[in-house]
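Please read the following report alongside the sequence and the model.

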Amino acid sequence: RSEVQQGYYLHLPSYPYSSTKLSKGAQTAAGKHTVTITGMMGVPVLCVVVLAFICQSHSLEIQNLLYGSKRSQENVLLDSNDCVSRTEQQQVLTNSHNFSVHIRMPGVTPDGSDTYLCMAFPVPTNQDAYIVDFIPHASMDTVHHMLLFGCQTPVSTSSYWDCGSVQGTCEDEASIMYAWARNAPPTKLPKDVGFKVGKSSGMSYFVLQIHYGDVSSFRDHHRDCSGLTLRMTSKPQPFIAGIYLLMSVDTVILPGRKVTNADIACDYTSYPIYPFAFRTHTHHLGKVVTGYRIRDGKWSLIGRQSPQLPQAFYPANKEVNVKYGDTIAARCVFTGEGRTSKTYIGGTSDDEMCNFYIMYYMDSKHAIPYMNCMETGSKELFQHIPAEANVPITVSPGYMNSMMHMGHSTDHQDNRKLLDAKKAEQILDQGDLYSFMSKLLGQSKDIVHIHKYKPSKIQRAQTELVAQIDSLMQNKDLSSPSATLAFQTREDPILVRDRVHKFHQLEATAKPPRSKLLAEGQDYHLEQMLTWPQSSLQLGQVSGLAIDSDSNLVIFHRGDHHWGANSFNSQARYQQRSLGPIQQSTILVVDPAIGNILKASGRNMFYLPHGITIDKENNYWVTDVALHQVLKVSSDGSDRTLLALGEAFTPGSDNNHFCQPTDVAVDPETGNIFVSDGYCNARILKFSADGKYLSEWGAGSSDRRRRIPFRVPHSLVFLPDRQEICVADRENGRIQCFIAETGEFVKEIQKDDFRGEVFAITYSPAE
């Protein structure tokens, strides 16, 4: 119990301050983290505590803030080295809604250079709260960068940990809320905008990650207390903030080449966002990074900056918003001058990165805290990019030196020698691809450590990186699902696509064959038709494709609904029913020649579409992973449900329930129905044409002693000429085929070309 600078502190009992001078009973807690909530001032502490508690009790439930008398008598604020005493002048509570949270490292000393340390801090309320301001307490002479994440389940809640190892940051999907580097100034959010945390946000913890670059800055053995102050409110904000990240993953910078461009672009398929800040990131070869919104062919600047300047969030162009149907694009300009070998995207100072962050706000009813784009922009699109994107921003050495000396001296009482340019070149910056992806997503055990690959292996590494980043972005669980209800939150990365490609099958010209999909010996390849469709289809996440009896393309998509980390709870029950069903037409019949829409249906029927199959009578057989159902739907435009299998919104593993079923196949002769089930079951079920349960089976094997269960049976196809049913067993990277009548295992197909995963399968009887 102490007053510092006329403030008072409410101590979370499970998270005491770290100090070498703690009482004997508290010494075992040393090393745990510090959370300080600053309140009203100018009156005796006891009165303020009581007053604050009374004032806030109706709007903010602060967990365990008032500890027992034994704790309050302990000397928890000690000397000038304590983290809390280094905090700047505390924020005053102006009313019962507003408070500040101080998130600091508990006096740490990294063991070596390029150490990543993380600390989890509980959101100090079990109600909804909103971050409205970020104030950094760090200097680049000690800290290379800081990131703040929000998540539900951090790797640890007891102490800080090394998050540069396999542990990562969070067990579940994390959202980045703040990034700091190179002595960047504070980031202030616009009025009525906040990052939502707490009760209904899916974020009950903050995780602070600090990358300590050069360990020589700790040669005096001091302890670091860098961190952030979060200014928060319990008052609901009309607009919720989020981060949109554009990232290149396949750029190669040739040695000696003066200019290499990294281009990223994605179509936007959600509710409107309003960018208010942007941040750029590259390593030392980056000259300028620029972001744009493209609407009706017109490029509008979001932000442009040199990545060699302080990597803060700078104000974005206020005139630009982004809505459904727009394209978001970014270009990073690099130089290969001075390099003697190719430079790839990666985590070390010999590698490069190309990241453009957009901090945006959107209406609270449709808030999405994190979105990303990693698709390479087409040459046809980027030939129209404004000339300004190709003009480097020159940063003078003198200016850079002055920026290095703009550290927050209030957080560092002794003047340590700053890193010189040569040292800076040696810093390993894993903070925005390897580190950012693995630690942001809390899944580093699955991440590709591309900085360990040799150039000769980089192409395969990059392919795997894209796949694994995509998997992590969708919080895909790679563990084997049990045949029982082993519910886990999963999302299919291959379905997170916002457009459909059409390919022409051409005889080979001067170009080498690109596909081995056709019969061996035939010199064919596939080429994307860039002019298809001729007008925008306005698609959400595309989850399924089929061909009807008139040879038209049928598209099944999710409209404005998204499958994300918060879509399901741990029992696989859908958590976003309050959004209602998708209001857009989810089933589109499209002319395969030019891409125009012939017919639209499926409004107000589905929540999270997945697979679609069409029977010989042109009925649609679809699965919905939120409903946990298989539905037979009329194709006449009436949106009639002809048959429903499974209980709506109720997952299960018996004969009458599914758990996130993925696909359907239909026997055209008997009408029998086959269902792959799915994400949290591992089986294929067989029903009669009228929906009567017949049988089910799991994975097969020619060696019963080495039978490997399905790991997400993801797609089905019926082989009429063979009377077989085949399944794409996604996570096992294989195809398995069974006799349709009995379920007897026939064969397994596994190819190196599958790269360990098979997402979808179709069949042609021609060999």
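C170 is buried, with 0% relative accessibility, where buried means under 20% relative accessible area, exposed over 50% and partly exposed in between, for a 1.4 Å probe and protein chains only. Its partner C151 likewise counts as buried at 0% relative accessibility, and the two cysteines form a disulfide with their sulfur atoms 2.2 Å apart, a disulfide being a pair of cysteine sulfur atoms within 2.5 Å. The torsion about the S-S bond of C151 and C170 is about -75 degrees, so this disulfide is left-handed. The pair links distant parts of the chain, 19 residues apart, with C151 in strand β7 (residues 145-151) and C170 in the loop between β8 (161-162) and β9 (175-181); here helices (H or I, at least four residues) and strands (E, at least two) are DSSP runs numbered from the N terminus.

This is a predicted model, in which local features need pLDDT of at least 70 and side-chain atom pairs count only at pLDDT 80 or more, while totals for chains, interfaces and linings use all residues. Residues are numbered from 1 along each chain as its sequence is written, and side-chain values use heavy atoms, with hydrogens and water left out.

By the sulfur distance rule the count comes to 6 disulfides, and with bonded cysteines counted along the chain they follow the pattern 1-3, 2-4, 5-8, 6-7, 9-10, 11-12. Three of these links are set out below.

| Disulfide | S to S distance | Torsion about the S-S bond |
|---|---|---|
| C151 and C170 | 2.2 Å | about -75 degrees |
| C266 and C373 | 2.2 Å | 85 degrees |
| C332 and C354 | 2.0 Å | about 85 degrees |

The link of C332 and C354 is right-handed, because its torsion is about 85 degrees. C332 lies in strand β21 (residues 327-334) and C354 in the loop between β22 (343-344) and β23 (355-363), so the pair ties together parts that are 22 residues apart in sequence. The link of C266 and C373 is right-handed; it connects strand β16 (residues 260-267) with strand β24 (residues 370-373), and its cysteines are 107 residues apart.

Another buried residue is S306, with a relative accessible area of 2%, which lies in the loop between β19 (298-305) and β20 (314-315). A polar atom of the S306 side chain is 3.1 Å from the backbone nitrogen of Q308. Leaving aside residues up to four places away in sequence, S306 touches T280, K287, I393 and V395, contact meaning heavy atoms within 4.5 Å.

Some backbone angles also deserve attention. Most residues other than glycine have a negative phi, and most peptide bonds are trans. The loop between β26 (524-528) and β27 (542-547) holds P533, and the peptide bond from W532 to P533 is cis, with omega near -5 degrees. Q538, in the loop between β26 and β27, has a positive phi of about 55 degrees although it is not a glycine, and Q538 is partly exposed at 36% relative accessible area.

Where pLDDT is low, the predicted coordinates should not be read in detail.

Methods: Polar contact = N/O pair within 3.5 Å; in protein donor to acceptor, adjacent residues only side chain to side chain.
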